[in-house]
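The structure is shown below.

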Amino acid sequence: MQIRSMIRTLRLSLRPWRADHRSAFAQMHARHEVMADQGGPIDRTDSDAKFDRYVAAYLEHDTSRWAVENAEGSFLGYAGVMPRLARNHPLGPHYEVGWRFVRSAWGHGFATESARAALLYAFQHLKLDEIVSYRSAHNYRSQAVMARINLERAPS
């Protein structure tokens with residue numbers, strides 16, 4: 001498998017996870033406002049498990065959530081296409097684009113910019129035919145990102 005080291009956009013770098021991202025990743029997941037759409041914050045143990053899943057998915061599938069950094073190298077959050085290959089998932093095996101950002105990064109278009117880059121990578125380099133996205137019912141910010149990246153709502 002060829003590991004791509006980084007995706008660059010005008011303002012951002014999407015990169016594979018490094019050990020020094022782990023603490024900022026956990027701090028992001030500890031914030032009530034950031035995690036409101038997921039039922040609230042998660043503890044360090046759950047955050048570390050999520051981090052480890054993202055690293056493993058990247059190594060195994062050449063895609064996952066990518067760490068998103070600004071031009072100065074500061075951690076802003078993550079975005080990327082994650083394989084969901086469990087047959088017991090309600091949608092069956094699929095790939096899903098998603099994102100989460102620290103509160104100070106909201107409102108700057110980073111989710112839109114990084115999600116577009118991750119989708120382009122997945123379609124061009126992984127040759128995927130379909131990528132889905134989903135959100136909680138009241139996550140209007142993600143709904144707006146989905147509209148900006150031209151995702152189409154499938155009939156229920």
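## The loop residue Thr63

Thr63 sits in the loop that runs between helix 3 (44-61) and strand 3 (65-69). The model is a predicted one. With a relative accessible area of 1%, Thr63 falls under the 20% cut-off and therefore counts as buried.

Leaving aside residues up to four places away in sequence, Thr63 touches Ala57, Tyr58, Val81, Pro83, Tyr95 and Leu126. For Val81 there is also a polar approach: its backbone oxygen lies 2.8 Å from a polar atom of the Thr63 side chain. Between Thr63 and Tyr121 the C-alpha to C-alpha distance is 8.8 Å, although 58 residues separate the two in sequence.

## Aromatic pairs

How many aromatic pairs does a search of the whole structure find? The search gives 11. Trp17 and Phe25 form an edge-to-face pair, with 5.1 Å from centre to centre and 80° between the planes. Trp17 is buried because its relative accessibility, 11%, is under 20%. Phe25 has a relative accessibility of 0% and is likewise buried.

Tyr54 and Tyr78 also pair edge-to-face, at 5.3 Å centre to centre and 75° between the planes. This pair links distant parts of the chain, since Tyr54 belongs to helix 3 and Tyr78 to strand 4 (residues 75-84), 24 residues apart. Both tyrosines, Tyr54 and Tyr78, are buried.

## The ring cluster

Which residues do ring pairs link into a cluster? The members are Trp17, Phe25, Phe51, Tyr54, Phe75 and Tyr78.

Methods: Residues numbered from 1 in each chain as written. Predicted model: local features only at pLDDT ≥ 70, side-chain atom pairs only at ≥ 80, totals over all residues. Heavy atoms only, no water. Helix = DSSP H or I, 4+ residues; strand = E, 2+ residues; numbered from the N terminus. Buried < 20%, exposed > 50% of the residue type's maximum accessible area, 1.4 Å probe, protein only. Contact = heavy atoms within 4.5 Å. Polar contact = N/O pair within 3.5 Å; in protein donor to acceptor, adjacent residues only side chain to side chain. Phe/Tyr/Trp six-rings, centres within 6.5 Å; stacked < 30°, edge-to-face > 60°.
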